[in-house]
Each structure stands twice: as C-alpha cells, then as structure tokens.
Amino acid sequence: MNAVIEVTGLTKQFGSVTAVSDATFSVQENTISGLLGRNGAGKTTLMQLLTGQQFATSGSIKVFGESPVENARVLSNVSFIKESQKYPDDFKVKHVFRSAPWFFAEWDAEFAELLIDEFRLPVHRRIKKLSRGQLSSIGVIVGLASRAPLTFFDEPYLGLDAVARQLFYDRLLQDYAEHPRTVILSTHLIDEVANLLEHVLVIDAGRIIIDQDAESLRGSATTVVGTRGSVEAFVGDREVLDRETIGGLASATINGLDGAGKAAATAAGLELTPVSLQQLVVKHTATTDMNDHKQEVEINR
Amino acid sequence: MDESKPIFVQIAEQLENDILSAQMTEESQVPSTNELAAFYRINPATALKGITLLVENGIVYKKRGIGMFVAVGARDRIVAQRREQFAAQFVQPLVAEASKLGISASELADMIRKENQA
C-alpha cells in the first residue's frame, strides 16, 4: 500500500494555543479514514494544514509525496468539503455546480445531477435562501461528484436529516467501490459511520491518541460488569479506561482484553459487553484535563 | 450488526448460513465485495476480509476474472465445522444456565425432547 498523506512531527500554534501537537501519522491510498475527536480537538486545523490552507509551525507534511502549500499539482487532486463553505453573495445553487468542474478534473456532471435530484436540492434558489441542511447537501454533492483522489469531509452534514445522511453514506460507499479513492471523514456521529471506516485517527487536545485500523479498534476494549469485589479482583493491573459503581455492582472498561482474558472474566462470573467505536472514543477523550478546555476557543478559524 | 464479533466474521457467517439453508448452492456465484458492502453498509475492505476468510476455509473459491463461487463440498465442510463448535457455543451455556436454575440433566433432556416434537 502507498501512503497518500505522510505527516511527521507536525505542530501548529496560534499564539499560545497549540492546535496540533507533534502529530505523526500516515493515510494509505484508497481507504476511508475517520478523523474523530471532540470540539476544538484540532480536526479542522489538521485538515487545513493537509490542504495547504494553514502553514505549519513545525514538522513536515507530504501529500502525494509533496508539500501541499501553494502546490497546484497536489491541490488539484484534493477536494475539501468544509462545515460551512462560503459562496459569493449572488450565487444560486446551479452556479456552484457550473463552476465546480473548473476545479476538479474528474468531475462527473451526470452523477452530480443524480445527487441533486436525490437530495431534492432547488437549483434555481439563491444560496442565501437555503436551509442549513440544503447548504450541507451542496457540500456533500460537490465532495462526491468531484471524485478527487483525496477527499476531505469536515462535519459535512450539519442540519442534514436522517434520510439525507443515509443517502450520503450509501452513495459514498457505492461510488467509492466503483471509483476507489482516499476519503477522510471528520464527524461526531461516530456510530453512524463506524462500519464505513477502514482506519481511525482520534485527535485529542491536538495530539493523535489513536491511529489504528477500525476492525482491531472495534474489538479492542471490553466492559466487564459484576460485584465490586469480583471486578476489582479481575481488573488487577490491567489498563482501565473507565470505571463505574452502583451500590455493590461495578463495571470497568478494559483496554486490550484478549480471548484468554475474556474467558477468565466469564469464569469469574463477570458479564462482558463489547465497546462500540463511539463509546471507545468517548472513554478515551472524556478524561481530558480541564486546563485543555482553554483550547476550545475558536482555533478553527 | 452485532458488536460482539468482528464485522468480517459476521459477513462470513451470514454467507455460510445462506449456503447451509441452500439459498446459495454449490458452484453458484457469491455476491461481490462491493455488493456486500452496499447491502450491509460496510467498508468494502471489510467485506473482502469476510470473503477471504471463506476462501481460507475452502468454502468459496475464485474464478479468475469472473468472481467468487461456492466450492463443491462447502456445505459439508460448514456442517462439520459448526458441529465441532456446537458444544462450546450452545450446549455449555445451556448447561450453565440450567444449573443456575436447578434444572437437572434429565429435566433438560426432557425439555429438549419436547421442543423437538413441537
């Protein structure tokens, strides 16, 4: 496999705030990756750095083997769908789809037409008059129909209803299967996208804390429930992500419990439940030190 | 989808179930990874892992340039494999729960016989 993105020791500071801190990771060609994390964790900043919209404070970024900054060879192959894309004031919906092909060599107008129809987008309406959800569907359609070899979706579906989101997932999967490309999806709706992802990056307070394939991550944590004594005895020095107690009962979420460990837990009379990707991300990122919340001030601008 | 098992294992089991119930017969074509991905709403790479698991177990095989097909003897192999796992997967939990409830082995056997007649 080839790495489309290679990042080494990447740091981005805005004044005293470190939005991305010493990040090192790579993204393989033709995979769908999830970039997950809390508000203000650094997701958008990271994507802006990868698409040459911000300058790194230090570290190196290689996209298709080159620096993305001011690099047409790289950027013509990249589609970046932002949470709130701005358009010229007098633009109508149709103007977006008329101008999009100028920027994307692989633009598929027929596919765009089909999606406009499916998302029920009023093409003659002014952008300013659109609802939040309709604005999001423009981004989703541009992202899909551009067929860029590297596509970023940054929280693409603010205001999109459940039907439209499902439509987005279905079309993404279908089109990805027919036209393999590298997709990076940043979202808070982790449960909804969990099965679409092949690889998962979790960023917390600017640091990459998880960089793992989705399948192994999904089975990586287990919650054991039982009497307080038996849970404590079982936990021992295993790595615990989360603990809860109710009366005489206790539960502990244990990282990396293997088959033998699970058998031992069952033998000790404990109930086992698997931990979903969403719960796992919550448990990994919920314990952040309060001081880090200073970073939630609009570093995404 | 069930969270307690990897998705690719569930895909493989689902296809095995279709073979067991004769919805897919030997030498018939198996859905492509893209079809499986779209149907189950999963990443195509995950679907491919499920198919690969079946190839390793001799349940399906690849016809170059055409697709994947159910192997001859696949059904017998699945039956043999599942029989091996039957005690651990079904009988042991059944006996464990029965003993918690004070159901004796002969009572349990009676219950199974009754179920079988129904």
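Predicted model: local features only at pLDDT ≥ 70, side-chain atom pairs only at ≥ 80, totals over all residues.
Good morning. I begin with a definition: two strands pair if DSSP finds at least two bridges between them.

In chain A, strand E10, residues 221–227, and E13(A) run antiparallel and are joined by 4 bridges. Within E13(A), Thr273(A) is the residue that stands opposite Thr223(A). These strands belong to an open sheet of 4 strands, ordered E11-E12-E10-E13, with antiparallel pairing. Its edges are strand E11 (240–246) and strand E13 (271–274) of chain A, each of which pairs on one side only. From one strand to the next, the twist averages 20 degrees.

I turn now to the interface. There, 14 residues of chain A are in contact with 15 residues of chain B. On the chain B side, the elements giving two or more residues are helix H1 (7–20), helix H2 (33–40) and helix H3 (44–56). That side of chain B comprises 9 nonpolar, 4 polar and 2 charged residues.

Helix H6 of chain A, residues 162–178, packs with H2(B) at an angle of about 170 degrees, and their axes are 9 Å apart. Because angles over 145 degrees count as roughly antiparallel, H6(A) is roughly antiparallel to H2(B). From H6(A), the contact involves Leu173(A), Gln174(A) and Ala177(A); from H2(B), it involves Asn34(B), Ala37(B) and Ala38(B). The residues of this contact divide into 4 nonpolar and 2 polar, with no charged residues.

Thank you for your attention.

Terms used: Residues numbered from 1 in each chain as written. Chains lettered and ligands numbered in written order. Contact = placed C-beta atoms within 7 Å. Nonpolar A, V, L, I, M, F, W, Y, C, P; charged D, E, K, R; others polar. Axes fitted to C-alpha atoms, helices over the stretch in contact; angles between N-to-C directions. Parallel < 35°, antiparallel > 145°, perpendicular 65-115°, else oblique.
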